[in-house]
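Please take the chain in the order set out below, with the sequence and the model side by side.

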Amino acid sequence: MYRSASAALTLCLLAAIASPAQTFSTLYRFGGPTSGSVPSALSQANDGLLWGTTAAGGTYGHGTVFKMVPGGGTFTSLYSFCPQSGCADGEAPGGGAFEASDGHLYGTTSAGGAYGQGTVFQIATFGTLITVHSFNSTDGSAPEGALIQGSDGDLYGTTSGGGANASCGGGLGCGTVFKITTTGTLTTLYNFCSQANCADGAEPEGGLIQDVNGNLYGTTLAGGSNNSCISGSYTGCGTAFEITAGGAFKQLYSFCAKSGCTDGASPTSGLVQGRNGNLYGTTSAGGANACTGTGCGTAFSLTSAGKLTTLYSFCAKSGCTDGEFPSAPLVVGSDGNLYGTTSGGGSRGDYGTAFKMTSTGTLSTLYSFCAFTNCADGEDVTTALWQDTSGVFYGTTGAGGSLTGCEPLGCGTLFELNTGLKGFVDAVPPFGPVGTGIRILGNGMTGATSVTFNGVSASFTVVSSAYIKTSVPAGATTGKIQVVTPKGTISSSVPFTVTP
């Protein structure tokens with residue numbers, strides 16, 4: 001167990017009022033040789049704790065898995081990658097870790113493994129790590145996005161390189177979409193650059209999402225039908241795509257379809273589905289406002305039919321005080337608004353921001369980083385925000401914070417952004433037919449006396465104050481889940497969808 005005195009001091013000293021409506025606090029400053037550096041996006045597990053990975057640092061310098069009590073409680077570094085020569089267990093985990101229905105957490109490393117091309121790993125909540133799969137380039141290389149668990153129980157993800165088509169990445173491959181069982185059986189669903197000139201896309205760096213129909217959605221950094229963008233050995237400005245769990249692929253959009261790439265270019269992150277059914281995402285370049293000649297990035301919406309609407313072009317304000325270069329996925333908050341981060345811009349210089357945006361594109365900057373000496377509150381935000389079931393947002397920065405072992409930029413931070421939203425319960429998965437086992441995550445659920453699906457009572461077991469185990473009851477219809485606790489009724493922020 002590790003929590004430095006400086007982290008506690010940070011919590012006390014670096015609380016800042018981001019605006020009259022929200023409060024920002026730096027909860028933890030990473031320290032490379034001990035707790036890791038360059039932290040990933042966060043997730044909430046059945047134990048109610050925040051889980052994540054760092055891409056570097058730790059005992060052996062190749063990354064870590066950590067957990068932390070929300071609100072600035074105990075921080076624990078559970079695992080340090082590469083304890084043996086060759087890093088057979090993987091190195092440089094960048095996509096975080098999420099808890100699957102079997103109670104274990106899963107993630108990927110972008111390097112290491114038996115062939116040096118990255119891994120899929122499983123880690124128990126007490127820290128034992130198992131390498132589920134080692135990529136060998138033929139089946140993919142360098143997975144960078146987060147994994148998800150599909151409605152069939154299998155895990156789904158992308159690799160940014162490798163695969164059957166070697167015309168990208170200096171001959172190393174153009175990337176894949178894959179599924180893998182929790183016991184390690186991997187199936188490649190799609191090899192990018194299967195079409196002439198990589199018109200279908202290349203190098204997917206973000207993760208996937210799945211809709212209620214079982215379809216998967218994601219983006220590629222490069223490729224597509226518009227070749228005005230060139231990045232290394234890649235051409236094309238990126239794409240958005242749909243793929244079924246069986247591997248049927250469809251391109252939804254090729255970026256830079258408009259003159260000057262005003263519709264955006266080079267999406268580095270995945271998509272999210274809004275309450276209206278549309279997909280939302282960001283591009284790290286393009287847009288109406290030029291920063292370095294490539295544009296400052298955009299936020300967009302996309303229908304399942306492929307109609308794209310640019311909601312916001314970053315650096316719309318003088319000095320880019322509204323942010324620039326968004327590199328992380330958007331998240332849908334419990335209020336229905338979209339929340340995100342930028343890696344640059346802001347009112348204090350080129351250090352990054354956190355923002356809120358309506359589904360129609362009205363943007364409000366919630367926080368500009370580097371408010372303190374040496375950016376002790378963090379800078380360079382390239383990961384998504386995570387909304388805990390308490391209603392509070394948590395996130396990480398890739399730099400700033402403690403300089404120890406990470407001179408001169410810092411090792412990164414973990415922060416809290418409280419926008420005043422109420423707590424809620426979260427159903428995992430958020431859809432399924434009658435009889436499907438459901439995990440309900442929340443806060444303060446000890447002593448719960450009732451769980452209902454749109455008014456229909458369900459049998460349940462309270463596992464902990466943060467976790468209830470239940471299943472979709474007979475007669476349930478699509479609607480909100482409610483949990484009655486001794487302190488009141490807690491509702492889901494979105495309807496649970498009962499599927500056929």
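The torsion about the S-S bond that links C256 and C261 is about -75°, so this disulfide is left-handed. A disulfide is a covalent bond between the sulfur atoms of two cysteines. C256 counts as buried because its relative accessibility is 9%; buried means under 20% relative accessible area, exposed means over 50%, and partly exposed lies in between, with a 1.4 Å probe and protein chains only. C261 is buried as well, with a relative accessible area of 11%.

The model is a predicted one, in which local features need pLDDT of at least 70 and side-chain atom pairs count only at pLDDT 80 or more, while totals for chains, interfaces and linings use all residues. Residues are numbered from 1 along each chain as its sequence is written, and side-chain values use heavy atoms, with hydrogens and water left out. The mean pLDDT (the predictor's confidence in each residue, from 0 to 100) is 92 for the protein, and 94% of its residues reach 70 or more. Over residues 1-15, pLDDT stays under 50, and for this stretch the model has 34 contacts beyond four places in sequence. A contact here means heavy atoms within 4.5 Å.

How many disulfides does the distance rule give? The count comes to seven disulfides. One of them joins C82 to C87, with the sulfur atoms 1.8 Å apart. The torsion about the S-S bond of C82 and C87 is about -75°, so that disulfide is left-handed. Both C82 and C87 are buried. Another disulfide is formed by C370 and C375, whose sulfur atoms are 1.9 Å apart. Here the torsion about the S-S bond is about -80°, so the disulfide of C370 and C375 is left-handed. C370 and C375 are both buried.

The next topic is sheets. Strands of a sheet pair through backbone hydrogen bonds, either parallel or antiparallel. Strands (E, at least two residues) and helices (H or I, at least four residues) are DSSP runs numbered from the N terminus, and two strands pair if DSSP finds at least two bridges between them. Four strands make up an open sheet with the order β16-β17-β20-β21 and antiparallel pairing. Its edge strands are β16 (209-210) and β21 (249-254), each of which pairs on one side only. Strand β20 (residues 239-243) is joined to β21 by five bridges, and the two run antiparallel. Within this pairing, T239 stands opposite S254 of β21.

A second open sheet of four strands is ordered β33-β35-β39-β38, and its pairing is antiparallel. β33 (426-428) and β38 (460-464) stand at the edges with a single partner strand each, so one side of each has no neighbour in the sheet. On average, neighbouring strands of this sheet are turned by 25° against each other, direction ignored; the axes are lines fitted to C-alpha atoms, for helices over the stretch in contact, and angles run from 0 to 180 degrees between N-to-C directions. Three bridges hold β33 and β35 (residues 437-441) in antiparallel pairing. D426 has L441 of β35 as its bridge partner.

P326 lies between β25 (308-313) and β26. Is P326 buried or exposed? At 0% relative accessibility, P326 counts as buried.

N337 lies in the loop between β26 (331-332) and β27 (338-342). N337 counts as buried because its relative accessibility is 18%. The side chains of N337 and D335 are joined by a polar contact of 3.1 Å; a polar contact is a pair of N or O atoms within 3.5 Å, where within protein one must be able to donate a hydrogen and the other to accept it, and residues adjacent in sequence count only if both atoms are side-chain atoms. Not counting residues up to four places away in sequence, N337 touches V331, V332, K356, M357 and T358.

S493 is found in the loop between β41 (488-491) and β42 (497-498). With 16% relative accessibility, S493 counts as buried. Leaving aside neighbours within four places in sequence, the contacts of S493 are R275, S334, F424, V425 and K480.

How values were computed
A disulfide is a pair of cysteine sulfur atoms within 2.5 Å.
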